[in-house]
Amino acid sequence: MGKSLNEYAQTSLKEYIEKIENNLNADVLVYYGPFVEGLQNSFARIVEELASDPNKKSSIFIVLTTTGGSAEVVERYVNILRHHYDEVNFIVPDYAYSAGTIFCMSGDNIYMDYLCILGPIDPQVINKDGKFVPALGYLDKINDLLEKARDGSISDSEFLILRDFDLAELRGYEQAKDLTIALLKKWLVKYKFKNWTVHRTNSSLIGTVVTENQKEKRATEIADDLSNNNKWKSHARPINIHDLKELKLEIEDYSNKTELRDLIRDYYELMDDYVRINQTKIFINTRNFI
């Protein structure tokens with residue numbers, strides 16, 4: 001009996017992964033979808049299987065496409081990956097928003113081309129109705145209403161919104177914001193900046209040793225910029241390579257690496273078709289797992 005179209009697609013996806021692995025000389029794991037509670041153990045088993053393979057490499061590339069989700073889940077994923085791999089890199093073939101941006105900041109390197117985008121680090125939290133909502137948007141609105149209340153310009157309807165807002169829920173949004181900024185700063189210093197030892201761009205500092213305090217200062221600046229909701233205006237605002245370089249964040253641009261770029265795009269187009277046809281919300285793929 002012949003193979004189904006799904007089986008052909010699965011075989012092709014694995015073959016593409018192996019080609020990307022050969023190009024990068026690293027293991028590859030694809031993650032498509034939001035970060036939600038309940039998948040941590042499954043994610044760990046998939047990584048463990050890949051890491052126990054006789055052909056395992058010392059580094060891994062995460063090919064990431066996500067609208068975001070829980071920062072706590074991302075933290076668990078980072079701990080799992082760092083337990084098994086000395087080096088963790090990220091490839092963004094299309095977009096990685098919010099918690100996806102935070103996840104990328106835990107990498108030693110971030111690979112993007114001119115089409116690819118990250119997003120502001122606006123953590124998503126579950127509200128009292130059980131829906132994911134962007135925390136920074138809610139905090140900004142509450143702060144706006146508080147400012148109106150202080151200067152006496154608040155309307156009756158706005159006052160009712162402010163009065164009825166759940167303080168425990170608001171505290172949860174504040175904690176989510178604090179966590180995302182803390183994680184981003186920690187991971188930038190520990191991983192992304194670990195090989196940043198000498199200043200290369202600041203004319204007054206070129207050639208001098210980069211101190212721990214300078215790494216922490218740069219990480220704080222990047223975290224503050226990426227979490228500035230007034231700057232980016234939207235949870236889904238695209239931040240491209242040019243924007244990231246303006247934030248002094250080093251990105252590996254594979255736009256002109258023709259072989260790698262074509263492999264990533266061909267894989268992504270097939271994978272995107274596969275998940276849409278199968279209505280898959282979360283898709284994880286390695287050479288051993290689909």
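User: Where is the place of E250?
Analyst: This is a predicted model. In it, E250 sits in the loop between α10 (241-246) and β9 (252-253).

User: Buried, exposed or partly exposed?
Analyst: E250 has 45% relative accessibility, so E250 counts as partly exposed.

User: What is E250 in contact with, leaving aside neighbours within four places in sequence?
Analyst: K192 and R200.

User: And how far apart are E250 and W232 in space?
Analyst: They are 20 Å apart, C-alpha to C-alpha, with a separation of 18 residues in sequence.

User: Switching to Y114. Where does Y114 lie?
Analyst: Y114 is in the loop between β5 (109-112) and β6 (117-118). Y114 is exposed, and its relative accessible area is 57%.

User: What does Y114 touch, not counting residues up to four places away in sequence?
Analyst: I241, D253, S255 and R265. For D253, the C-alpha to C-alpha distance from Y114 is 7.4 Å, while the two are 139 residues apart in sequence.

User: Helices next. At what angle do α5 and α6 pack?
Analyst: Helix α5 (residues 135-151) and helix α6 (residues 156-164) pack at about 120 degrees, and their axes are 10 Å apart. That angle makes α5 oblique to α6.

User: Is the crossing of α5 and α6 left-handed or right-handed?
Analyst: The crossing of α5 and α6 is left-handed.

User: Which residues make the contact?
Analyst: On α5 they are I142, L145, L146, K148 and A149, and on α6 they are E158, I161 and L162. By type, the residues of the α5 contact with α6 are 6 nonpolar and 2 charged, with no polar ones.

User: What about α2 and α3, at what angle do their axes cross?
Analyst: Roughly 20 degrees, and the axes of helix α2 (residues 40-51) and α3 come within 10 Å. The two helices are therefore roughly parallel to each other. Their crossing is right-handed.

User: Which residues meet there?
Analyst: From α2, Q40, N41, F43, A44, V47, E48 and A51 take part; from α3, V73, R76, Y77, I80, L81 and H84 do. The contact of α2 with α3 divides into 8 nonpolar, 3 polar and 2 charged residues.

User: Aromatics now. How many aromatic pairs does the structure hold?
Analyst: There are 12 aromatic pairs in the structure. One of them is formed by Y77 and F103, a tilted pair with 6.3 Å centre to centre and 50 degrees between the planes. Y77 lies in helix α3 (residues 71-84) and F103 in helix α4 (residues 99-104), so the pair ties together parts 26 residues apart in sequence.

User: Are Y77 and F103 buried or exposed?
Analyst: Y77 counts as buried, at 0% relative accessibility. F103 also has 0% relative accessibility and counts as buried.

User: What kind of aromatic pair do F90 and F103 form?
Analyst: An edge-to-face pair, with 4.7 Å between the centres and 70 degrees between the planes. F90 is in strand β3 (residues 87-91) and F103 in helix α4, so this pair ties together parts 13 residues apart in sequence. Like F103, F90 is buried.

User: Which residues form one aromatic cluster with those?
Analyst: Y31, F35, F43, Y77, F90 and F103 make up one aromatic cluster. F43 is also among the α2 residues that meet α3, and Y77 is among the α3 residues that meet α2.

User: Y31 is touched by T65 too. What else does T65 touch?
Analyst: Besides Y31, T65 touches Y32, G33, P93, Y95 and Y268, not counting residues up to four places away in sequence. T65 is in strand β2 (residues 59-65) and counts as buried at 2% relative accessibility.

How values were computed
Residues are numbered from 1 along each chain as its sequence is written. This is a predicted model: local features need pLDDT of at least 70, side-chain atom pairs count only at pLDDT 80 or more; totals for chains, interfaces and linings use all residues. Side-chain values use heavy atoms; hydrogens and water are left out. Axes are lines fitted to C-alpha atoms, for helices over the stretch in contact, and angles run from 0 to 180 degrees between N-to-C directions. Helices (H or I, at least four residues) and strands (E, at least two) are DSSP runs, numbered from the N terminus. Angles under 35 degrees count as roughly parallel, over 145 as roughly antiparallel, 65 to 115 as roughly perpendicular and the rest as oblique. A crossing is left-handed if the near helix is turned anticlockwise from the far one by less than a right angle, and right-handed if clockwise. Contact means heavy atoms within 4.5 Å. Ala, Val, Leu, Ile, Met, Phe, Trp, Tyr, Cys and Pro count as nonpolar, Asp, Glu, Lys and Arg as charged, and the others, Gly among them, as polar. Buried means under 20% relative accessible area, exposed over 50%, partly exposed in between (1.4 Å probe, protein chains only). Rings of Phe, Tyr and Trp (its six-membered ring) pair if their centres lie within 6.5 Å; planes under 30 degrees apart count as stacked, over 60 as edge-to-face and the rest as tilted.
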